[in-house]
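User: Hi! I'm new to this one and would like a friendly walk through it. Could you show me the structure before we start?

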Amino acid sequence: MKGPRFWTVVLLLAGTALLLYARGDADLIPASEPLTQVPRVIGGWSGTDLQIDQETLDVLGAGDFLSRVYSQAGQLHKIGLFIGYFPTQRTGVTIHSPKNCLPGAGWVFESSKYVDLRDVAGRAHRVGEYIIAAGENKQFVIYWYQAHGRSVANEYMAKVYMVTDAIWLKRTDGALVRVITPVGPGEDMVAAKTRAEAFTGQLLPMLPRFIPD
């Protein structure tokens with residue numbers, strides 16, 4: 001059952017959406033590099049692009065998307081990176097939460113928490129860390145919403161920030177970033193967590209080129 005906080009956010013978003021629609025303002029869309037230019041080598045990991053099928057693209061809507069798998073010499077387990085960047089969310093195209101799509105793919109969330117993850121430059125970023133499972137298979141997931149120099153782990157807070165930024169900055173652009181790695185048979189969960197966090201720490205300082213501050 002949804003709590004009072006959830007419905008408060010829903011009412012806030014609905015009321016503000018009506019206000020924005022009535023105003024008819026156009027979004028300011030800042031310049032950014034395409035996601036295809038995200039470095040193919042990150043912290044010793046080499047990336048290979050994966051094609052996103054048309055059905056998935058139709059669900060995601062208008063935006064720029066990257067799906068890539070990174071591997072490292074001597075490392076058995078790979079790291080998957082997905083970024084979805086939306087130049088505007090005013091037209092009804094909004095960021096989809098992995099909490100909605102992953103269960104539909106057969107994965108269930110075993111644990112979740114929000115943490116402050118520091119990048120290689122020492123800056124803290126608020127992200128969500130999750131363990132998901134499908135039968136005996138488990139994966140460690142890091143994901144967050146990024147917009148205007150802000151990293152947000154909670155999807156409801158991301159929508160609140162999007163609405164306030166639409167009012168004050170005339171911007172609704174933003175992105176979802178997801179880093180995922182399998183937990184190998186007999187592998188300690190800490191090893192998967194360390195692998196995902198180390199990669200993410202290398203990735204984070206690169207993102208403002210593609211997701212404008």
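User: Thanks! How many helices and strands does the protein have?
Analyst: The protein has five helices and nine strands. Both are DSSP runs numbered from the N terminus: helices are H or I with at least four residues, and strands are E with at least two. Please keep in mind that this is a predicted model, where local features need pLDDT of at least 70, side-chain atom pairs count only at pLDDT 80 or more, and totals for chains, interfaces and linings use all residues. Residues are numbered from 1 along each chain as its sequence is written, and side-chain values use heavy atoms, with hydrogens and water left out.

User: In what order do the elements run from the N terminus on?
Analyst: They run α-β-β-α-β-β-α-β-β-β-β-α-β-α.

User: What percentage of the residues is buried?
Analyst: Buried residues are 43% of the 213 residues in the protein. Buried means under 20% relative accessible area, exposed means over 50%, and partly exposed is in between, using a 1.4 Å probe and protein chains only.

User: What share of the contacts comes from residues 24 or more positions apart?
Analyst: Among contacts in the protein with a separation of 6 or more, 65% come from such residues. A contact here means heavy atoms within 4.5 Å.

User: Let's go inside. Which residues have the most contacts within the largest nonpolar core?
Analyst: Ile83 and Leu203 do, in a core of 29 residues. Strands 3, 4, 5 (108-118), 6, 7 and 9 (174-183), along with helix 5, each supply at least two residues of this core. A nonpolar core is a set of buried Ala, Val, Leu, Ile, Met, Phe, Trp, Tyr and Cys residues joined through side-chain atoms within 4.5 Å. In soluble globular proteins, nonpolar side chains tend to be buried together.

User: What is Ile83 in contact with?
Analyst: Leaving aside neighbours within four places in sequence, the contacts of Ile83 include Leu35, Val38, Phe65, Leu176 and Ile211. There is also a second, separate core of 10 residues, with Trp107, Tyr143, Tyr145 and Ile180 among them.

User: I spotted Thr200. Where is it, and is it buried or exposed?
Analyst: Thr200 is in helix 5 (residues 189-203), and it counts as buried because its relative accessibility is 0%. Beyond neighbours within four places in sequence, Thr200 is in contact with Leu117, Ile142, Trp144 and Val179.

User: New topic: how many aromatic pairs are there?
Analyst: A search of the whole structure finds seven. One of them is Phe65 with Phe82, a stacked pair at 6.5 Å centre to centre and 15 degrees between the planes. Phe65 is in strand 3 (residues 64-71) and Phe82 in strand 4 (residues 79-86), 17 residues apart. Rings of Phe, Tyr and Trp (its six-membered ring) pair if their centres lie within 6.5 Å; planes under 30 degrees apart count as stacked, over 60 as edge-to-face and the rest as tilted.

User: Are Phe65 and Phe82 buried or exposed?
Analyst: Both Phe65 and Phe82 are buried. Tyr130 and Tyr143 form a stacked pair too, at 4.8 Å centre to centre and 10 degrees between the planes. Tyr130 lies in strand 6 (residues 124-134) and Tyr143 in strand 7 (residues 137-147), 13 residues apart. Ring pairs link Phe109, Tyr130, Tyr143 and Tyr145 into a cluster.

User: What about charges? How many salt bridges does the structure hold?
Analyst: It holds 10, a salt bridge being a side-chain nitrogen of Lys or Arg within 4 Å of a carboxyl oxygen of Asp or Glu. One of them joins Arg68 and Asp49, whose closest N and O atoms are 2.5 Å apart. Arg68 is in strand 3 and Asp49 in strand 2 (residues 45-49), 19 residues apart. Arg40, Asp49 and Arg68 are linked in a network of salt bridges.

User: Which residue does Arg150 meet in a salt bridge?
Analyst: Arg150 meets Asp165, at 3.0 Å from N to O. Arg150 is in strand 8 (residues 150-152) and Asp165 in helix 4 (residues 155-168), so the pair ties together parts 15 residues apart in sequence. Arg150 also lies over the face of Tyr161, at 4.0 Å from the ring centre; a charge sits over a ring if NZ of Lys or CZ of Arg is within 6 Å of the ring centre and within 35 degrees of the ring normal.
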